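Hello,

Here is the structure I promised to pass on to you.

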Amino acid sequence: MTSITRLRIRDLNDRPVSGAGEYVLYWMVTARRTRFNFALQHAVRRSLELGRPLLVLESLRCDYPWASERFHRFILQGMADNRIRFGRAGVAYYPYVERKPGEGKGLLAALASRACCVVTDDFPCFMIPAMTAAGAKQAPVRMEAVDGNGLLPIHEAGKPFPTAYAFRRFLQRDLPSHLEEFPEPDPLAGYSSLVEPDLPDRVLARWPMAGQDLLACRPEAFRTVDVDRSVPAVGLPGGERAAGDLMNRFVRERLEGYDTGRNDTAVHGSSGLSPYLHFGQISSHQICTALFAFEGWSPGDLSDSVAGKRQGWWGMSVAAEAFLDQLVTWRELGFNNCVYLKGYDRYESLPGWALTTLAKHASDPRGKVYSLEQFERAATDDPLWNAAQRQLLHEGRIHNYMRMLWGKKILHWSEEPREALRIMIELNNRYALDGRDPNSYSGIFWVLGRHDRAWGPERPIFGKIRYMTSENTARKMDVKPYLARFGGP
Ligand SMILES: Cc1cc2nc3c(=O)[nH]c(=O)nc-3n(C[C@H](O)[C@H](O)[C@H](O)COP(=O)(O)OP(=O)(O)OC[C@H]3O[C@@H](n4cnc5c(N)ncnc54)[C@H](O)[C@@H]3O)c2cc1C
């Protein structure tokens with residue numbers, strides 16, 4: 001079992017590793033997968049070093065912000081996959097699903113009190129940093145957070161990058177060394193878990209493990225979980241297996257043409273992997289490994305030029321490089337800003353030029369102003385915008401190009417820019433499977449000027465912020481198939 005670069009491991013408390021503990025506890029919170037998982041790999045290593053078995057706790061609260069049936073089902077499907085995988089590897093797996101808000105309180109502390117040390121996932125966004133910090137306070141032993149978010153360790157850059165161009169230049173200099181440090185495809189291979197940890201009956205009685213019925217989302221069992229049912233589940237299956245299948249199909253069948261197809265509403269041009277990436281059911285390392293193999297690529301193909309160009313640095317096909325620019329440059333820019341940009345989710349964190357131009361135009365007359373409820377019900381006068389919102393309501397996602405238009409029109413039709421921000425965050429995070437992610441904030445704040453530049457001519461409401469309209473979109477591409485799919489009520 002190879003060790004992980006220290007850059008990816010952060011001590012969340014300064015308590016010692018206890019040689020007297022009964023097991024090594026991996027508290028899986030965001031990297032909800034068994035493959036290409038640095039945190040799991042580190043926990044396995046700790047288990048072997050200490051000669052103690054591994055116990056994996058994967059828990060699901062029912063009261064986190066925007067929790068709903070939609071996200072629960074996706075996560076539970078992933079937990080069902082994990083249970084099978086851990087079971088086959090002989091690793092003790094503790095799936096815990098709260099039935100009532102607050103019911104799970106105390107479980108982590110109870111398990112940590114008998115552990116040698118706790119390993120968890122490092123994720124810089126949403127409620128996770130506060131949740132893991134609180135867990136580390138309760139644990140009487142060392143808790144380490146391991147970063148498996150992307151190709152670049154999130155604590156490496158040391159500063160927030162304002163643009164994709166600047167970040168790409170940094171990556172082109174820095175990334176090559178990290179391309180040699182991929183996680184093990186299967187950290188459980190060859191691992192023998194020693195003896196099963198013996199869990200006290202009082203713990204199991206107070207916090208019963210989720211049974212097969214609940215993980216399979218059988219209605220009788222799922223009904224007992226007190227979670228918001230107003231956002232229903234969607235057809236997309238969650239879990240590591242579904243993620244791997246989708247990735248393989250995308251790389252084999254749809255990668256070619258990605259560079260042009262991704263922005264065309266008439267075709268299904270992008271990978272659709274963002275929900276799986278968000279819930280950690282697949283890692284970007286796994287996707288890159290598949291892509292590298294498909295392209296017959298090796299690190300020797302990298303270009304020496306570090307000029308920040310979008311094309312030509314990897315030495316791959318145009319489509320593969322376009323995809324990597326989204327998966328690596330844009331995706332990891334979002335993580336970079338969550339780590340280093342103070343108040344990344346607050347209006348004030350926008351660049352100065354954007355704040356100035358938005359303030360100058362904040363009281364420009366709006367032809368139309370819609371409320372959150374009108375936006376939510378897809379009740380604007382614009383059929384194309386309504387179609388995008390309906391896709392979000394019914395599928396939990398929006399076509400990549402339409403998502404940009406969706407945001408820009410919310411800015412256009414909101415009372416003022418702060419209200420537009422509030423509406424975008426609320427709708428995106430409530431309905432999108434991939435919401436509540438670093439890229440939720442980079443996408444939403446991009447609408448308001450982050451990671452972009454000033455554009456002319458200066459326009460009402462938008463000022464120098466990049467402008468998009470439904471009319472231009474309809475001129476640029478054939479939107480009829482999209483309207484036919486999502487145009488109706
Ligand atoms: C208003 C708005 C809100 C957004 N909210 C989210 C969100 O909540 N969660 C989310 O993951 N993305 C968000 N994005 C970014 C982008 O729309 C999605 O990542 C992309 O559409 C996901 O589809 P895909 O997996 O098929 O992407 P692909 O094109 O197949 O790209 C592969 C992966 O690269 C990453 N990626 C792609 N485009 C971007 C981008 N523009 N910025 C950052 N990373 C990117 C994603 O992880 C994606 O899964 C938002 C964009 C906008 C304009």
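**Surface and overall build**

The protein exposes about 19700 Å², and carbon and sulfur atoms supply 52% of that area (accessible areas come from the Shrake-Rupley method with a 1.4 Å probe, and for residues only the protein chains shown count as cover). Before going further, please keep in mind that this is a predicted model, in which local features need pLDDT of at least 70 and side-chain atom pairs count only at pLDDT 80 or more, while totals for chains, interfaces and linings use all residues. Residues are numbered from 1 along each chain as its sequence is written, and side-chain values use heavy atoms, with hydrogens and water left out.

The protein has 21 helices and six strands (DSSP runs numbered from the N terminus: H or I of at least four residues for helices, E of at least two for strands). Its radius of gyration is 23 Å, close to the 23 Å that the globule rule gives for 489 residues, so the protein is as compact as a globular protein of that length. That radius is taken over C-alpha atoms, and the rule is 2.2 Å times the number of residues to the power 0.38. The C-alpha trace spans about 70 × 55 × 40 Å along its principal axes.

Of the 489 residues, 56% count as buried (under 20% relative accessible area; exposed is over 50% and partly exposed lies in between, with a 1.4 Å probe and protein chains only). Among contacts with a separation of 6 or more, 80% come from residues 24 or more positions apart (contact means heavy atoms within 4.5 Å).

**The strands**

Strand β4 (residues 92-97) has six of its six residues buried, so it is largely enclosed by the rest of the structure. Both of its faces are covered: Ala 92, Tyr 94 and Tyr 96 are buried on one side, and Tyr 93, Pro 95 and Val 97 on the other. In a regular strand the side chains alternate between the two faces of the sheet. Strand β3 (residues 54-60) pairs with β4 in the parallel sense over six bridges (pairing requires that DSSP finds at least two bridges between two strands), and Leu 55 stands opposite Ala 92 in β4.

Strand β5 (residues 115-121) gives a further case: seven of its seven residues are buried, so the rest of the structure largely encloses it. Strand β2 (residues 23-28) runs parallel to β5 and is joined to it by five bridges, with Tyr 26 opposite Val 119. Strand β6 (residues 143-146) also pairs with β5 in the parallel sense, over four bridges, and here Asp 121 faces Val 146.

Leu 60 belongs to strand β3 and is buried, with a relative accessible area of 3%. Leaving aside neighbours within four places in sequence, Leu 60 is in contact with Arg 32, His 72, Ile 75, Leu 76, Met 79, Tyr 96, Val 97 and Glu 98.

Tyr 441 sits in helix α19 (residues 438-447) and counts as buried at 5% relative accessibility. Not counting residues up to four places away in sequence, Tyr 441 touches Cys 125, Tyr 344, Asp 345, Ile 425, Asn 429 and Arg 450. Tyr 441 and Arg 346 are 95 residues apart in sequence and 9.4 Å apart in space, C-alpha to C-alpha.

Best wishes
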